[in-house]
Amino acid sequence: MLVQPFSCGAMQDDLTSTIACNLCGSTTVTVLSQRSRSGEPLRTVGCRSCGLVWSDPRPHAARQYYEDEYRIAYKGTFEPKPKHVHRAGQVALSRLEKIRSHLRPRMRVLDVGSGGGEFAYLLQKLGHDIQGIEPNRGYAGYATAQYGLNITRGFIGDATLPEGGFDLITIWHVLEHTEDPKSVLAQLGRALAPDGLLVVEVPNVEATCQTPSSSFHEAHLYTFNTVTLQAMAARLGLKTHAITLSDDGGNLTAVFRADPAASDSHLPLTDNHERIARSVARHTNLAHLLTAHPYRRFVGRLSRAVAEWIATRQLSSGRERLDRLYASAVEVKRPRRPDPSQSPLAG
Ligand SMILES: [Zn+2]
């Protein structure tokens with residue numbers, strides 16, 4: 001049976017949320033969805049004033065969930081398995097490509113939500129001075145033991161960060177899991193060096209690459225679009241340096257720079273809720289089946305499973321796997337020796 005969890009936001013009556021909007025403080029919302037991707041009841045609401053989307057009420061006690069249960073619920077494991085290391089290593093390489101043009105030699109980097117340490121290890125191999133923070137004890141311990149990384153176990157909101165202490169801060173797919181994203185962004189902004197960069201990647205609430213029934217789930221307490229993410233950053237003195245959508249539209253990646261003159265006045269905040277509600281309402285099962293997304297995803301998963309099986313059947317440790325996977329990305333391009341026959345002095 002096709003599950004149809006959405007109703008048109010424009011037809012919903014305004015309701016009051018039990019949680020005030022983390023971006024603008026309003027409590028007037030409409031309901032965008034009543035079910036999570038696992039089919040459980042999950043009320044997802046959108047702010048009428050600015051378009052920020054969140055789960056109301058919160059679906060779980062966030063702390064214990066992320067310390068122990070999250071990785072098990074997501075991946076059925078407490079430490080990354082070989083296929084997870086391989087997959088996360090490939091994701092780390094794609095993240096490197098997204099930020100490579102912003103890298104300078106020997107940067108002081110903080111990776112928030114460092115998971116199994118794959119991205120942090122890649123930057124360490126590239127010569128950067130990297131620290132990670134990760135609440136899950138199994139993954140944080142694995143990253144330290146496998147790669148010798150400097151990982152603090154805990155939640156970013158509890159961490160004391162050195163003011164102006166980092167040239168680059170990356171927070172990949174973490175902000176949507178936090179209970180107070182605005183205060184996390186503010187905290188990271190304060191930890192940026194004067195010319196430092198903050199890279200934030202989150203799922204895009206307007207995405208249509210996933211099946212409609214998997215748009216919202218318990219792990220994501222907030223969901224952004226390009227407008228709400230930039231507006232939240234701007235109100236904290238973080239100016240957008242670059243913002244891009246992934247090829248399938250599923251993720252948005254923003255690069256911010258501290259700038260007291262940052263402003264959200266150019267962003268279409270007043271129309272944003274209607275825009276998101278319309279996009280959610282139009283994303284029906286039929287509309288989805290008529291796109292290439294489901295078929296591309298099926299082929300992608302199949303080829304990924306084969307590639308992971310080939311890549312992981314021989315190597316034993318996570319480190320060996322990543323060293324092989326990262327070899328070409330971290331290879332030092334040595335200057336070529338001059339060819340003596342091309343010398344003007346050659347006889
Ligand atoms: Zn709002």
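Around the zinc ion of this predicted model, the four donor atoms subtend angles of 100 to 120 degrees, and the arrangement is therefore tetrahedral. The protein donors are the SG atoms of C21, C24, C47 and C50, which lie 2.3 Å from the zinc ion. Read along the chain, these donors of the zinc ion follow the spacing C-x2-C-x22-C-x2-C.

Elsewhere in the chain, two helices can be followed as a pair. Helix α3, made of residues 118-125, packs with helix α10, made of residues 318-330, at an angle of about 50 degrees, and their axes are 10 Å apart. With that angle, α3 and α10 are oblique to each other, and the crossing in which α3 passes α10 is right-handed. On the α3 side the residues that take part in the contact are E118, F119, Y121, L122 and K125, and these meet R319, L322, D323, Y326 and V330 of α10.

Helix α10 also holds R324, a residue whose relative accessible area of 56% makes it exposed, because exposed means over 50%. From R324 one can look back to A311, which is 13 residues away along the chain, and find that the C-alpha atoms of the two residues are separated by 9.6 Å.

Note on methods
Residues numbered from 1 in each chain as written. Predicted model: local features only at pLDDT ≥ 70, side-chain atom pairs only at ≥ 80, totals over all residues. Heavy atoms only, no water. Donors = N, O, S within 2.8 Å, 3.2 Å for Na, K, Ca; no water. Tetrahedral: all angles 85-135°; square planar, octahedral: opposite > 155°, others 65-115°. Axes fitted to C-alpha atoms, helices over the stretch in contact; angles between N-to-C directions. Helix = DSSP H or I, 4+ residues; strand = E, 2+ residues; numbered from the N terminus. Parallel < 35°, antiparallel > 145°, perpendicular 65-115°, else oblique. Left-handed = near helix turned anticlockwise from the far one by under 90°. Contact = heavy atoms within 4.5 Å. Buried < 20%, exposed > 50% of the residue type's maximum accessible area, 1.4 Å probe, protein only.
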